[in-house]
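Visitor: I'm new to reading protein models. Could you walk me through this one?

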Amino acid sequence: MSAAAGIPAQLLDLLAVFILAAGVGIFVAKVGSFPYTIALLVAGLTASIVGIHPGLPISHDLILFVLLPPILFEGAANTELEQFRRNLVPIVSLAVVGLLVSVGVLTLLGSQALGVPLLVALLFAVMILPTDPVSVLALFKELGAPDQLSVLVEGESLVNDGVGVVLFMTVVDLAVRVETGELARDAVFTLDRAVAVATEILVVSLGGLVVGLLAGYTVYRVMYNLDEHMTETVLSLLLAYGAFLLAEHYLHVSGVIATVVAGLFIGAHGADEAMSPQTKISVFNTLETGAFLANTFIFLMIGITTPIGDLLRYADLIAVAIPLVLLSRATGLYPVIAVVNRISSSDISLDYQHVMVWSGLHASIPIALVLGLPPELDAVLRQRLRALVFAVAAFSLLVQGLSMKRLLDRLGVVTTSEAQELYELLLARRRAVDGALDAAEDLKQRGDIPGGVYEDFTTEYESERDDLGEAINELLREHPEIRQEQKLAGERRLLKQEKSAIMDAIHEGIVSDAAGERLLEEVNIKLDRVRSGETTVEADEEGYHEFWRDEAADFGLESVEYPEEEREESGE
């Protein structure tokens with residue numbers, strides 16, 4: 001009876017959490033210009049201050065094993081892989097080298113400024129420095145920030161979350177061994193120990209990478225031979241949780257890295273090659289909803305469970321810790337980017353670097369890690385670290401998150417121009433008009449409106465559609481950069497559809513694997529050109545010389561034979 005009674009009670013607590021979240025959502029929708037996740041945190045903090053505490057606990061395992069996988073997977077699956085690949089050097093450099101530099105700086109400075117042993121300062125550093133840019137990325141999208149900046153911020157977070165969790169697990173194991181007397185304190189910071197830790201981190205990270213690739217490819221192959229959108233949606237959720245659990249719980253490698261790699265694989269290959277349009281909509285809508293619900297619960301519960309009394313008790317340490325974390329973040333970013341800009345083709349401006357330092361928010365991962373400190377550690381130490389981590393997280397979300405728009409405006413890195421905004425407005429209105437005309441046609445076919453009324457509707461909407469078309473064409477003539485951008489974007493979509501059609505033809509046995517592979521290779525070449533800003537479609541001449549033309553001409557089909565000089569120009 002007690003277990004049965006406990007389930008309704010927990011459901012009521014969960015319902016109370018989401019009622020509060022719904023209220024926050026309504027407030028944000030009405031007021032606007034206020035990030036939803038930060039509003040949740042404020043609401044949670046307010047509830048904590050006034051003494052409202054739902055009975056639901058927020059724990060390390062709940063965040064890490066239940067809430068984090070869908071957030072990581074959804075973020076990775078929606079990452080533009082080409083942009084990610086193009087910025088891979090700075091992303092990995094920041095997520096690995098930059099994180100290690102920041103950890104080292106915070107460990108050394110924190111030990112002196114906070115008056116704690118080096119090992120405790122190191123534990124605090126590996127917990128607090130992983131970043132969580134959820135609210136910042138939403139703001140980037142709203143303001144039209146450059147794609148490169150968004151990919152750099154999100155890519156660094158996806159990778160350094162994995163590296164950070166691996167670092168934490170290694171350091172907390174050392175801390176427990178020191179606390180229990182198994183390891184001498186002066187034996188922690190030695191060269192041999194550093195080599196052993198580095199080796200363990202490398203093995204765990206590479207293990208997570210392999211698990212993510214294998215799990216992603218396995219689910220991809222199942223999806224490729226399947227066309228049932230509900231089942232494929234279930235498979236996507238199974239992959240998000242399965243990759244994490246398989247890596248973290250059973251193989252003892254990085255579950256975060258496994259989930260991120262699996263998400264990148266499905267986003268890059270599964271979406272275009274193994275999903276129908278209906279499946280793609282179903283899968284990605286489900287992932288987005290799951291990530292939204294997980295973020296809603298995390299940010300609201302972070303606010304509710306923030307130890308207000310401990311924050312006041314350790315206010316002096318918190319006042320020191322916050323600037324130290326910011327300084328460590330900057331120290332691990334500016335020098336690394338300077339080196340990357342010098343040795344690679346990357347060109348990350350100083351303005352971008354300022355934004356990246358300030359957008360390094362600390363939320364779900366640090367909270368999960370500090371809640372996962374083992375009971376073998378001293379209780380007062382755990383209480384102090386919890387207060388520091390919660391305080392830095394609250395500061396980064398409230399102060400850094402809310403001031404991000406002002407920083408972007410001051411630095412001038414937002415790229416959405418007035419012409420672009422007008423184009424989007426006109427395009428959206430034209431789609432609305434087309435939808436209204438389709439609806440009027442349906443009503444007429446069903447006999448729901450008289451013919452005269454139908455004529456009134458169509459006359460009005462068709463006139464508006466013509467005016468919108470003229471306005472859009474004039475705008476594109478005056479702003480060729482928008483026309484080129486839209487041309488490339490449309491070309492990417494068409495080429496991906498070409499690729500999907502070829503994959504279907506191979507799958508259905510219409511063409512052989514050999515012929516299909518040649519066609520896919522050509523489409524991939526076109527996609528690479530488009531992604532680099534070069535169109536393959538020209539108005540007055542053939543923009544790209546497809547190989548099938550030469551095959552047909554060599555076979556003797558005169559209708560497709562090209563002049564010799566044109567063939568020479570194409571390099572055939």
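Guide: Start with a word you'll need: a residue is buried when it has under 20% relative accessible area. Keep in mind that this is a predicted model. In helix 21, the buried residues include Ile482, Leu488, Leu495, Ile502 and Ile506.

Visitor: Which residues of helix 21 are buried besides those with names like Leu and Ile?

Guide: Among them are Glu491, Lys499 and Ser500. Here's a general idea for reading such lists: an α-helix has 3.6 residues a turn, so residues three or four places apart point the same way.

Visitor: How many residues does helix 21 have, and how far does it reach?

Guide: Helix 21 runs over residues 480-507, which is 28 residues, and reaches 40 Å from its first C-alpha to its last. That is close to the 40 Å expected at 1.5 Å a residue. Just after helix 21, Gly509 has a positive phi of about 80°.

Visitor: What about the whole chain: how many helices and strands are there?

Guide: The protein chain has 24 helices and zero strands. Its radius of gyration is 27 Å, close to the 25 Å that the globule rule gives for 572 residues, so the chain is as compact as a globular protein of that length. Of those 572 residues, 48% count as buried.

Visitor: Which residues touch the most other members of the largest nonpolar core?

Guide: That core has 148 residues, and Leu123, Phe124, Met127, Leu149, Leu373 and Leu385 touch the most other members. Helix 8 gives the largest share, 16 residues. A second, separate core of ten residues includes Leu468 and Ile482, and Ile482 is also one of the buried residues of helix 21.

Notes:
Residues numbered from 1 in each chain as written. Predicted model: local features only at pLDDT ≥ 70, side-chain atom pairs only at ≥ 80, totals over all residues. Heavy atoms only, no water. Core = buried A, V, L, I, M, F, W, Y, C linked by side-chain atoms within 4.5 Å. Buried < 20%, exposed > 50% of the residue type's maximum accessible area, 1.4 Å probe, protein only. Helix = DSSP H or I, 4+ residues; strand = E, 2+ residues; numbered from the N terminus. Expected span 1.5 Å × (residues − 1). Rg over C-alpha atoms; globule rule 2.2 N^0.38 Å.
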